[in-house]
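Subject: Structure handover

Hello,

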Amino acid sequence: MERVPVLKIGDILLVSIQVDMSDQTAVQLQEDLAERIVATGCHGVIIDITALAIVDSFVGRMLSTIAAISRVLDAETVVVGMRPAVAITLVELGLSLDGIRTALNVERGMGLIAATRDDDHGYDDADEPGDQPTDTR
């Protein structure tokens with residue numbers, strides 16, 4: 001059985017799906033990812049599906065399940081690298097991928113997760129953690 005690698009980049013786990021997803025591979029990925037979220041305390045998961053030429057209802061459900069598991073463990077999921085044909089297929093199949101945000105590439109996905117974390121903590125662009133208040137008198 002092939003395993004999908006889960007890489008840690010800062011506060012984000014990156015999953016790059018390069019293999020055809022069988023039931024067993026999908027279940028193993030869900031377990032591996034849940035364990036890594038807990039072990040690392042990461043708050044974001046990026047799933048790169050650039051290599052997938054076809055996304056069927058099985059893969060769509062698997063992505064939704066991974067997003068739900070991640071959400072329960074306090075991590076947001078962003079799917080990146082979706083091809084236009086894949087997006088069309090998902091819409092035609094009626095799969096909305098609830099709870100999953102999408103971005104065109106990994107860089108934009110990382111930006112989405114960073115922005116969400118900042119919003120959750122009440123920071124804006126000028127207010128980063130550890131910044132000292134500015135006296136404006």
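The model is predicted.

Overall layout

On that basis the chain has 4 helices and 5 strands. Their order along the sequence is β-β-α-β-α-β-α-β-α. The chain has 137 residues, and 36% of them count as buried. As for the contacts between residues at least 6 apart in sequence, 72% join residues at least 24 apart.

Helix H1

H1 covers residues 23–40. With 18 residues, H1 spans 26 Å from first to last C-alpha, close to the 26 Å expected at 1.5 Å a residue. The buried residues of H1 are Thr-25, Ala-26, Gln-28, Leu-29, Gln-30, Asp-32, Leu-33, Ala-34 and Ile-37. What do the buried residues of H1 pack against? They pack against strand E1 (6–9), strand E2 (12–16), strand E3 (44–48) and H2. After H1 comes Gly-41, which has a positive phi near 70 degrees.

H1 against H2

H2 runs over residues 57–72, and its axis lies 10 Å from that of H1, at an angle of about 15 degrees. Angles under 35 degrees count as roughly parallel, so H1 is roughly parallel to H2. The crossing of the two helices is right-handed. On the H1 side the contact is made by Asp-23, Ala-26, Leu-29, Gln-30, Leu-33, Ala-34 and Ile-37. On the H2 side the contact residues are Phe-58, Met-62, Thr-65, Ile-66, Ile-69 and Ser-70. By type, the residues of this contact comprise 9 nonpolar, 3 polar and 1 charged. As background to the spacing in such lists, an α-helix has 3.6 residues a turn, so residues three or four places apart point the same way.

Leu-33

Leu-33 sits in helix H1. Is Leu-33 buried or exposed? Its relative accessibility is 2%, so Leu-33 counts as buried, the limit being under 20%. Apart from neighbours within four places in sequence, Leu-33 is in contact with Val-6, Leu-13, Val-15, Val-45, Ile-66 and Ser-70. Leu-33 and Ser-70 are 37 residues apart in sequence, with 8.1 Å between their C-alpha atoms.

Asp-11

Asp-11 belongs to the loop between E1 and E2. Its relative accessible area is 40%, so Asp-11 is partly exposed. Which residues is Asp-11 in contact with, leaving aside its neighbours within four places in sequence? These are Gly-41, Cys-42, His-43 and Gly-44. Gly-41 is also the residue that follows H1. From Asp-11 to Val-45, 34 residues apart along the chain, the C-alpha separation is 8.9 Å.

Asp-74

Asp-74 lies in the loop between H2 and strand E4 (76–80). Although Asp-74 is not a glycine, it has a positive phi of about 70 degrees. For context, most residues other than glycine have a negative phi. With a relative accessible area of 42%, Asp-74 is partly exposed.

Where is Met-82 found? Met-82 is in the loop between E4 and helix H3 (84–93). At 22% relative accessibility, Met-82 counts as partly exposed, because buried requires a value under 20%. Beyond its neighbours within four places in sequence, Met-82 is in contact with Ile-49, Ala-87, Leu-90, Leu-97 and Thr-102. The C-alpha atoms of Met-82 and Thr-50 are 5.9 Å apart, while the two residues are 32 apart along the chain.

Ala-87, one of the residues in contact with Met-82, is found in helix H3. Ala-87 has a relative accessible area of 29% and is partly exposed. Ala-87 and Ile-54 are 33 residues apart along the chain, and their C-alpha atoms are separated by 9.8 Å.

Regards

Definitions and conventions. Residues are numbered from 1 along each chain as its sequence is written. This is a predicted model: local features need pLDDT of at least 70, side-chain atom pairs count only at pLDDT 80 or more; totals for chains, interfaces and linings use all residues. Side-chain values use heavy atoms; hydrogens and water are left out. Axes are lines fitted to C-alpha atoms, for helices over the stretch in contact, and angles run from 0 to 180 degrees between N-to-C directions. Angles under 35 degrees count as roughly parallel, over 145 as roughly antiparallel, 65 to 115 as roughly perpendicular and the rest as oblique. A crossing is left-handed if the near helix is turned anticlockwise from the far one by less than a right angle, and right-handed if clockwise. Contact means heavy atoms within 4.5 Å. Ala, Val, Leu, Ile, Met, Phe, Trp, Tyr, Cys and Pro count as nonpolar, Asp, Glu, Lys and Arg as charged, and the others, Gly among them, as polar. The expected span of a helix is 1.5 Å times one less than its number of residues. Buried means under 20% relative accessible area, exposed over 50%, partly exposed in between (1.4 Å probe, protein chains only).
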